[in-house]
Amino acid sequence: MARNIVKLIGKLAKANRTILCTIHQPTSEVFAMFDHLYLVAEGRCAYTGPCSDALQFFKSVNYPCPGNFNPADHYIFTLAIAPGEEEECRARVDEITDAFSKSTQLDAIRKEIASIVKEQQGVSDVKTKLEKSTSELSKQLAANFTRSWKNITRNPGYTRIRIVQSLVIAFLGGLAYLNLGNSQESVQDKSGLLFFLVTSITFSNIGIQGQAVPADLPIIKREYRNGMYGVLSFFIPRFILEFPYIIVLTLLQWLIIWGIAGLRRSVENFFIGYVVSLAVSVISTTVGYFVATAAGDPIIAAAMTPLMILPFFLFGGLYQNEATTPYYFYPVKYASWFRYSYGMLLINEFQDSEITCDKESQTQCVFKDGNQVLNYYHLDANDTWFPNLFAILVMSVGYLALSILFMWLRVREKRKPINDKTS
C-alpha cells in the first residue's frame with residue numbers, strides 16, 4: 001500500500017508538482033523511491049538534501065550506516081531519543097545537527113534560496129515573503145499569470161476535455177443538420193441550428209467557469225488578506241489565458257458546423273459567423289465569472305446557472321417573435337445576448353440569399369428569399385455590428401466588472417467569530 005502511494009506521488013512530482021511527504025519507518029524499497037530527504041531531530045534540521053547523499057553525510061560525522069541495513073531505520077535510530085539514554089542521545093543529536101549547520105551543503109542551499117527569492121521578488125531576505133506585498137501591479141499580474149499558466153499546464157486533462165466537448169457538440173449539431181441547402185424546410189433547420197450554436201457555447205463556458213472559479217476562492221481569500229495581490233491582479237491574467245481556449249475552440253466548433261451543415265458559402269459569411277461566435281464565447285465566459293463569484297460555491301453556482309440563463313434564453317428570438325414580447329419583459333429581452341447574437345447569425349445567413357421553392361412538393365412557398373425570413377423575425381439587416389455586436393461587448397465588460405466587484409466583496413468577508421461559550 002505504501003509503495004503504491006509513494007509511486008503515485010512520485011509521478012506527480014515528476015509532473016512539476018511540489019510534494020511534501022512524511023512517512024513512518026519505510027522499507028528500504030519505499031525509501032529508495034524518494035528524491036529528497038529532510039531529517040528533523042529535537043526541532044533542528046539534521047540533514048536536508050538528496051537521499052543518495054545522506055549516507056555520505058552520516059559517514060562523515062562518524063555515524064555510518066552498517067552494511068545490509070535499511071538507511072531509513074539507521075537515520076531514525078541515530079536521531080531518536082531512547083528512554084533512559086536521553087543525555088547521550090541528545091548529545092549525539094546536537095553533534096549531528098551542529099555538523100550539518102556548518103556544512104557546505106547547507107550553505108549551498110541557503111545561497112540557492114536567496115537567489116530564488118531575489119530573482120522572483122527582487123529581495124534577498126526570505127522574511128519579506130511573509131510581509132504584505134507592496135509590489136507594483138505589473139509584478140502582481142506577472143506572478144498571477146505565471147501561476148495560472150502553470151495550473152493549466154499541470155492539468156492537461158482540463159484542455160483535453162474542453163477540446164472533446166467542443167468536438168462532440170460541433171459534430172452533433174453539424175450531423176443533425178447535414179447539407180441543409182436553400183429549400184423552404186432549410187429555413188427552420190438553419191434557424192434551429194444557429195440557436196443551438198449560441199446555446200451550446202453559452203452553457204459550455206458558463207458551466208466551466210462556474211466550477212473553476214469557486215474552487216480557487218479559498219486561495220484567493222488567503223493571499224488577498226496577506227496582501228500578496230488584489231482582485232484585479234487575479235482576474236486579468238485568468239481572463240487573458242482564457243482567450244486561447246475561446247479563439248481556438250470557437251473556431252473549431254464554428255468550422256465544423258459551418259462545413260458539415262452547409263451554411264452560406266463565402267469568406268465574408270464565414271468570418272462574420274466566427275466573430276459572432278467569438279462574441280458569444282466572451283460574454284458567456286464573463287457571465288460564468290459573474291455566476292461563480294456571486295455564488296461562491298460550485299454547487300450553488302450550478303443551481304444558479306439555469307436561473308441566470310433561461311430568462312435570456314426564452315427571449316432570444318427563436319421561441320418568441322420579436323414583435324410579440326410583452327412590454328414588462330423588455331428589460332430581459334434587451335439584456336439577452338441570445339437575442340443579439342442569434343439576430344446577427346440570422347442576418348449573416350439569410351440577408352440577400354436565395355430560397356428555392358419546389359412547386360410540386362407539398363411544402364408551401366412561404367419565403368421567396370432570405371430577406372423575407374429576416375422580415376418574419378423583425379430583424380434589420382443593418383444591425384449586425386451596431387447595436388447587436390456593440391451591445392454584447394458592453395454587456396461583457398459589465399459582467400466582468402460585476403464579477404470583480406463580487407470577488408472583492410467575498411475576499412473582504414470577515415471571519416465569523418468562534419463561539420467560546422461553555423455549557
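This is a predicted model: local features need pLDDT of at least 70, side-chain atom pairs count only at pLDDT 80 or more; totals for chains, interfaces and linings use all residues.

Guide: Residues are numbered from 1 along each chain as its sequence is written, and side-chain values use heavy atoms, leaving out hydrogens and water.

Visitor: Is glutamine 209 buried or exposed?
Guide: Buried means under 20% relative accessible area, exposed over 50%, partly exposed in between (1.4 Å probe, protein chains only). Glutamine 209 has 1%, so it's buried. You'll find it in helix H9, residues 184–225 (helices are DSSP runs of H or I, at least four residues, numbered from the N terminus).

Visitor: What does the side chain of glutamine 209 make a polar contact with?
Guide: A polar contact pairs N or O atoms within 3.5 Å; within protein, one must be able to donate a hydrogen and the other to accept it, and residues adjacent in sequence count only if both atoms are side-chain atoms. Here the partner is the side chain of glutamate 242, at 3.3 Å.

Visitor: And which residues is serine 341 in contact with, leaving aside neighbours within four places in sequence?
Guide: Contact means heavy atoms within 4.5 Å. For serine 341 that gives Val198, Val276, Val280 and Ile392. Serine 341 sits in helix H14 (residues 337–350) and is buried at 0% relative accessibility. A polar atom of its side chain lies 2.7 Å from the backbone oxygen of tryptophan 337.

Visitor: Where is leucine 232?
Guide: Leucine 232 is in helix H10, and at 39% relative accessibility it counts as partly exposed.

Conventions:
Helices (H or I, at least four residues) and strands (E, at least two) are DSSP runs, numbered from the N terminus.
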